[in-house]
Amino acid sequence: MKQNNKLSIFLRGLIAENPVLVLVLGTCPTLAQTGSVIAALSMGIAATIVLACSNVVISALRKVIPDTVRIPCYIVVIAGFVTAVQLLMHAYLPDLYAMMGVYLALIVVNCIILGRAEMFARKNNMLDSLLDGLGMGVGFLLALLAMATIREVLGAGTFAGIAIPFLVGEGYSYTIPILTQAPGGFLVFGILIAIVNKIGPKKGEKKRKEFSCEGCPSAHLCGKVSCAENTELVITSEPEVQGTPEGKEGEA
Amino acid sequence: MDFKMLLYILLMGVFVNNYVLNKFLGICPFLGVSKKFNQASGMGIAVIFVMLVATAVTWPIQIYVLDPAGLGFLQTIVFILVIAALVQFVEIVLKKFIPALHKSLGVYLPLITTNCAVLGVAINNITDGYNFIESMFSSLGVGLGFLLAMVLFAGVRSRIENCPSPKAVQGLPITLIAASIVSLAFFGFSGVLENLLGIA
């Protein structure tokens with residue numbers, strides 16, 4: 001039974017609470033790093049390492065870190081691990097380091113990592129936190145790979161740089177190049193989320209509402225306005241003075 | 001001072017290298033706060049403001065403190081902490097001395113503390129080897145590009161609200177697909193500026 005629990009902590013991140021497709025966290029790297037399978041793989045692995053390590057450290061320090069300044073503390077821990085990964089990649093994988101560019105440093109502000117620290121690591125022991133970090137990281141990696149596969153195979157006719165015989169060859173090329181570019185990222189991501197909404201876990205919508213904001217470092221400041229959702233921004237400091245949205249009037 | 005180069009950097013940030021639509025930085029506020037025109041423009045202006053202040057502080061820190069001390073690798077940690085502290089500080093100062101401005105920008109400031117576009121532009125300015133003036137123009141351009149994308153997209157979204165769409169794509173998916181089309185429009189700008197300003 002106990003083993004079962006541990007396993008479920010790990011597996012949860014893969015499908016039922018997939019950070020990208022169900023919770024819709026970490027959209028920036030998801031869109032930016034999925035133009036090719038190699039980029040997606042390196043982004044996923046780098047983020048998984050940072051996520052697992054920071055989860056363990058934050059869990060170990062959970063009784064030491066004062067509650068009021070916990071977010072800055074988490075950011076320092078996460079930024080430390082990101083720097084370590086940056087230095088390692090720069091030393092041993094210079095090509096990948098150059099390819100990922102600024103997005104490697106931006107793992108710091110990836111809301112999945114801060115989200116897991118806030119939602120899981122500060123309430124659970126180190127082993128559970130490690131499993132949770134690994135599960136979420138692998139879920140992130142799988143979602144990135146799925147998107148990158150779609151974009152690279154249909155957009156460039158290759159998989160991880162290897163040409164696929166039926167799509168590209170001498171004198172012919174059945175590809176949709178725009179998919180590897182920026183607009184393709186938005187399009188494929190939109191369609192994937194639509195598919196998940198249709199067939200995926202039914203509680204996805206509810207979970208997203210509950211969790212997205214927990215992960216946001218500004219949640220307590222913005223009054224839990226769900227960023228990825230269509231909720232209204234609650235402006236507390238001033239009353240709404242604007243008129244009715246012009247679109248609705250026009251239609252009426 | 002090469003005015004043409006500054007103009008090029010500025011316009012590159014607004015149109016060609018649009019951070020939201022081309023580089024995918026700052027997607028969260030782009031999707032979250034773009035529902036109404038007023039909020040979208042308020043958020044955009046707050047982002048321009050924070051980007052300029054952040055660049056004005058992080059650029060000297062990198063060039064005069066980290067680089068001479070051989071601590072360039074601490075860039076990520078130092079920048080994120082400086083930006084976070086700075087935003088809080090700016091908010092306190094605005095609240096105390098310019099309440100009117102705080103009233104209009106205040107609610108958006110905490111939301112952009114960890115906006116990846118702000119950290120991204122600070123890091124990119126260093127990576128691209130810009131000098132201080134160029135960095136400021138680059139940040140201004142990126143910020144204006146963000147504002148433009150937000151405002152344009154707010155218009156698109158108010159139309160989407162009134163359109164019937166299949167249940168599965170309602171909400172986030174249709175928003176992303178619309179963003180894809182807006183991004184496609186911006187895609188057309190690539191290469192235009194080089195020809196316009198005669199820069200190779």
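## Packing of α7 and α8 in chain A

Helix α7 of chain A crosses helix α8 of chain A in a right-handed sense. The model is predicted. The angle between the two helices is about 150°, and their axes lie 11 Å apart. On the α7(A) side the contact is made by A:Ile112, A:Arg116, A:Phe120 and A:Ala121, which meet A:Ser129, A:Asp132, A:Gly133, A:Met136 and A:Phe140 of α8(A). By class, five of the residues in this contact are nonpolar, two are polar and two are charged.

Chain A as a whole contains twelve helices and four strands. Of its 252 residues, 45% are buried. Among contacts in chain A with a separation of 6 or more, 73% join residues 24 or more positions apart.

| Helix | Range |
|---|---|
| α3(A) | residues 37-60 |
| α4(A) | residues 70-92 |
| α7(A) | residues 111-121 |
| α8(A) | residues 126-156 |

Helix α7(A) is largely enclosed by the rest of the structure, because ten of its eleven residues are buried. The buried set is A:Cys111, A:Ile112, A:Ile113, A:Leu114, A:Gly115, A:Arg116, A:Ala117, A:Glu118, A:Phe120 and A:Ala121. These residues pack against α3, α4 and α8 of chain A.

Helix α8(A) has 31 residues, which at 1.5 Å a residue should span 45 Å; the C-alpha atoms at its ends are 43 Å apart, in agreement with that figure. Just after α8(A) comes A:Gly157, with a positive phi of about 70°.

One residue of α8(A) is A:Ala148. A:Ala148 counts as buried because it has 27 C-beta neighbours inside 10 Å, where 20 or more are required. Leaving out residues up to four places away in sequence, A:Ala148 touches A:Thr34, A:Ser36, A:Val37 and A:Ala40. A:Ile38 is 110 residues from A:Ala148 in sequence, yet their C-alpha atoms are 8.5 Å apart.

In soluble globular proteins, nonpolar side chains tend to be buried together. Here the largest nonpolar core has 120 residues, and the members that touch the most others are A:Val50, A:Ile78, A:Val108, B:Val118 and B:Leu119. Apart from neighbours within four places in sequence, B:Leu119 is in contact with A:Leu106 and A:Val109 of chain A, and with B:Phe79, B:Ile80 and B:Ile83 of chain B.

Conventions:
Residues numbered from 1 in each chain as written. Chains lettered and ligands numbered in written order. Predicted model: local features only at pLDDT ≥ 70, side-chain atom pairs only at ≥ 80, totals over all residues. Buried ≥ 20, exposed ≤ 12 C-beta atoms within 10 Å, placed from the backbone. Contact = placed C-beta atoms within 7 Å. Axes fitted to C-alpha atoms, helices over the stretch in contact; angles between N-to-C directions. Left-handed = near helix turned anticlockwise from the far one by under 90°. Nonpolar A, V, L, I, M, F, W, Y, C, P; charged D, E, K, R; others polar. Expected span 1.5 Å × (residues − 1). Core = buried A, V, L, I, M, F, W, Y, C linked by C-beta atoms within 7 Å.
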